[in-house]
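Let's take a walk through this protein together. Have the sequence and the 3D view ready, and follow along piece by piece.

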Amino acid sequence: MTTTELLDRVRHRLAVDGADIDAATVAGAVRAESGGVAGHADVLQAVRQLRREFTGAGRLQPLLDDPDTTDVLVTAPEEVWVDGAGGLRRSEVAFPDREAIRGLAQRLALNSGRRLDDSQPYVDSWLPDTSGAGSIRLHAILPPVAADGPCLSLRVLRPAVHDLATLTELGSSDEDTVDILRRVVSARLAFVVSGATGSGKSTLLAAMLRAVPDEERIVTVEEVSELRPPHPQHVRLVARAPNIEGAGEITLRELVRQALRMRPDRIVVGEARGGEVCELMAALNTGHNGSAGTVHANSPEDVPARLEALAALGGMSRTALHSQLAAAVQLVLHMTRDGDGIRRLTQIGVVQRDPARGEVTVRPVWRDGRWTADCHILLDLLAERRG
């Protein structure tokens, strides 16, 4: 019996038995199906391959275990792409056929408490973080919605633990900029970190939280736990997705409400992407100076429009959002990711309200390492808070 034949028989046996698939179950199935015909080397190879196939993320697990990996993207059996420090590249990993991709996607969806089948052909959820190395966001979509075959996307969110000094070593900022960021934290200015997906928003936010004095209490609210600064007064609240039956969900919006009751000095929302913006604006307007959050936006100037759209999901009017934003947030810090994979702080903007129109605008005061003509606005603000 060849190794390939053995693998096929073991796969069939496991499918028929329907038992929980763990290392012991796989090894037992291999022994039962080999019947003493296969050699020890073939049996050992079969166990190793099947363990990779049925545990973790299967044949994608070695890619996810690489600390430089941020995304693993499967678009076809022989098209498995990896994104990381060196940019997007094609890996050597391949699947035998499209059914193998579908099977892995369905197993991962089940592990996250969601369903993925012909009646529900797509899933967007989080995989449990069993190792502590980072959480994985799962997105999968099946035919006929995915016209060319099943697609699987895995995004790795590792704990953001860098400090401000480390950001200089990573090339995200220089020493002069880090000094400004420390002064922002010390002055307890409220800020929003903007940028695209994977631009380093959480990394910058976590680094700034490490600079918060030990006597101040920080409560962070996140969809998945990324912010883990070693701070003695840090309380983490993490949202919960609904189970496979659609029950048990705890949203960011509800957790922001809970955070307000926990005597916070600073409230931090890992990423505002929905109606919880209303609660965040309310929290920032109740004396919690130095609070922060992150938001997807193309530039600092686009942040008001982005928050305006999110607030509408929570029932907040455009006028109310601009009023609360003007009173609550002082700065926007914008992160970008370069073609070389380095994530950099590229802009700092000051939030100001236009007296004529009553709308909030973001005025750039620092861009690409240089102060703009309006830099005095931030410097005066820091001096005022210091005084």
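Find Arg102, which sits in helix 5, the stretch covering residues 98-111. Keep in mind that you're looking at a predicted model. Is Arg102 buried or exposed? Its relative accessible area comes out at 17%, and since anything under 20% counts as buried, Arg102 is buried. Leaving aside residues up to four places away in sequence, Arg102 touches Asp117, Asp118, Leu142 and Pro150.

Helix 5 lies across strand 1, strand 4, strand 5 (135-141) and strand 6, and it runs at about 45° to strand 6.

Those strands lead us to the sheet. Strands in a sheet pair through backbone hydrogen bonds, in either a parallel or an antiparallel way. Here, 6 strands make an open sheet with antiparallel pairing, and their order is 3-2-1-6-5-4. Strand 3 (89-90) and strand 4 (122-127) are at the edges with a single partner strand each, so one side of each has no neighbour in the sheet. Elsewhere in the sheet, strand 1 (residues 69-76) pairs with strand 6 (residues 151-157) over 4 bridges, in the antiparallel sense. To spot one of these residue pairs, look for Leu73, whose bridge partner in strand 6 is Ser153.

Last stop: a pair of helices. Helix 11 (residues 303-313) packs against helix 12 (residues 318-328) at an angle of about 125°, with the axes 9 Å apart. That angle makes helix 11 oblique to helix 12, and their crossing is right-handed. By class, their contact has 5 nonpolar, 1 polar and 2 charged residues.

How values were computed:
Residues numbered from 1 in each chain as written. Predicted model: local features only at pLDDT ≥ 70, side-chain atom pairs only at ≥ 80, totals over all residues. Heavy atoms only, no water. Axes fitted to C-alpha atoms, helices over the stretch in contact; angles between N-to-C directions. Helix = DSSP H or I, 4+ residues; strand = E, 2+ residues; numbered from the N terminus. Parallel < 35°, antiparallel > 145°, perpendicular 65-115°, else oblique. Left-handed = near helix turned anticlockwise from the far one by under 90°. Nonpolar A, V, L, I, M, F, W, Y, C, P; charged D, E, K, R; others polar. Buried < 20%, exposed > 50% of the residue type's maximum accessible area, 1.4 Å probe, protein only. Contact = heavy atoms within 4.5 Å. Pairing = 2+ DSSP bridges.
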